[in-house]
Amino acid sequence: MAKIIHAADLHLEDGEQLPYCYGVLDEIIALTLAEKPDALVLAGDMFDSFGDFEALRSEVCARFKPVAAAGVPIIYIPGNHESRGATANLTAYNMDPITFAAARPFSLIEAGGLEFLCVPHADSYDGYLDWQVPLKKPGAARIAVVHALNSAIYAGPEEETDSRAGVIDDDFFSRFEVDYAALGHVHAGRQAALGGALACYPGSARVWRAHPREAGPRRVCVVRLGGTEPSVRTVELKAAGLFKEYRLPLDLAGAISRADADKAAGAATNLDLLKIVLTGVVEDENAAKASAEALKAGLKDKARLVEVRTDTVVAAEISSHSLTKAFLAEMDKIKPEDAQGGDYRCWLMAKQYGLEELADKILEAK
Ligand SMILES: [Mn+2]
């Protein structure tokens, strides 16, 4: 039996997020030293850009030295991000003690008694039918390391809006006798059988941005190979923190309830990326914006990063309108007493929807 650790999409970034990024990297390294796998595989986008690659690579190589000293080979392919803003060919770089498999279209590396078919990111893999990949040695396990999209395992929208990753065909994995596909690019974790291989996106190793695909614990895969079918166990990275999103209602004056703000602040840790969307019908857009800014300032030290947006309907002087007055008076009659309970949340939403309808009608009539 062989064992590998598979991580992807760490997006190490120079600047104020660097200590956080290194915290996650160090957790992956500590896990590797504890698990003593036959190899550690990094399936692309270890760095957020070519500039980050240039600035951080010597420090990153130094951090991996204990892994190499423990006899664990480290295999790393470039994703689409390592090429962003590139001014040099990535194959020119020595990443000792990391085996940096940047040669295109592929390289076959034997390490830890395993075969690694390493495929750096490319805009297209259409030529793979002509690739001269040696046959798998009898009894060996083969791992494909690929940073790409595949429609069978992930059919959602493209990960990034400003660029498209190359798409790898299902047939690739059966043609080249792959047992396990160590994939990178899709930041949500995914697993599927693909052309006879078990294919896995571990998901981004850290929370890269405020997006639903970064929700949930960030993970690496611990993969067992050889003998029977490959099996995958995922391990959560505590240092990655979480992406948390809340929608909080503003009142007509554009004010946020203290209880709501405190609740959001209390739920975050200093590793989390917190996103708050302020909703509701407001009479003054500037008041809503001021609330957003005050909230952001108040949460600054509660989370690693805080984003506050407004998603409000602006209806000036709506509260003085006779329909609104009547509606609010009726709503007040059925207001639940306990402002923390589920009934209260329902009541608040009903009031919001009602106000949105009224805002529509009143604005239409104008
Ligand atoms: Mn990525």
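**View 1. Leu273 finds its bridge partner in strand 15.** In this predicted model, Leu273 is bridged to Leu305 of strand 15.

**View 2. Three strands form an open sheet in the order 13-14-15.** The pairing here is parallel. Strand 13 (243-249) and strand 15 (305-314) are the edge strands, each pairing on one side only. On average, and with direction ignored, neighbouring strands of the sheet are turned by 15 degrees against each other.

**View 3. Helix 5 packs on the sheet.** Look for residues 258-267, which make up helix 5 and touch strand 13 and strand 14. The direction of helix 5 makes about 175 degrees with that of strand 13.

**View 4. Helix 8 lies across strand 13, strand 14 and strand 15.** This helix covers residues 342-365 and runs at about 55 degrees to strand 14.

**View 5. Helix 7 meets helix 8.** From helix 7, the contact brings in Leu323, Thr324, Phe327 and Met331, while helix 8 supplies Lys351, Gly354 and Leu358. Sorted by type, the residues of this contact are four nonpolar, two polar and one charged.

How values were computed: Residues numbered from 1 in each chain as written. Predicted model: local features only at pLDDT ≥ 70, side-chain atom pairs only at ≥ 80, totals over all residues. Pairing = 2+ DSSP bridges. Helix = DSSP H or I, 4+ residues; strand = E, 2+ residues; numbered from the N terminus. Axes fitted to C-alpha atoms, helices over the stretch in contact; angles between N-to-C directions. Contact = placed C-beta atoms within 7 Å. Nonpolar A, V, L, I, M, F, W, Y, C, P; charged D, E, K, R; others polar.
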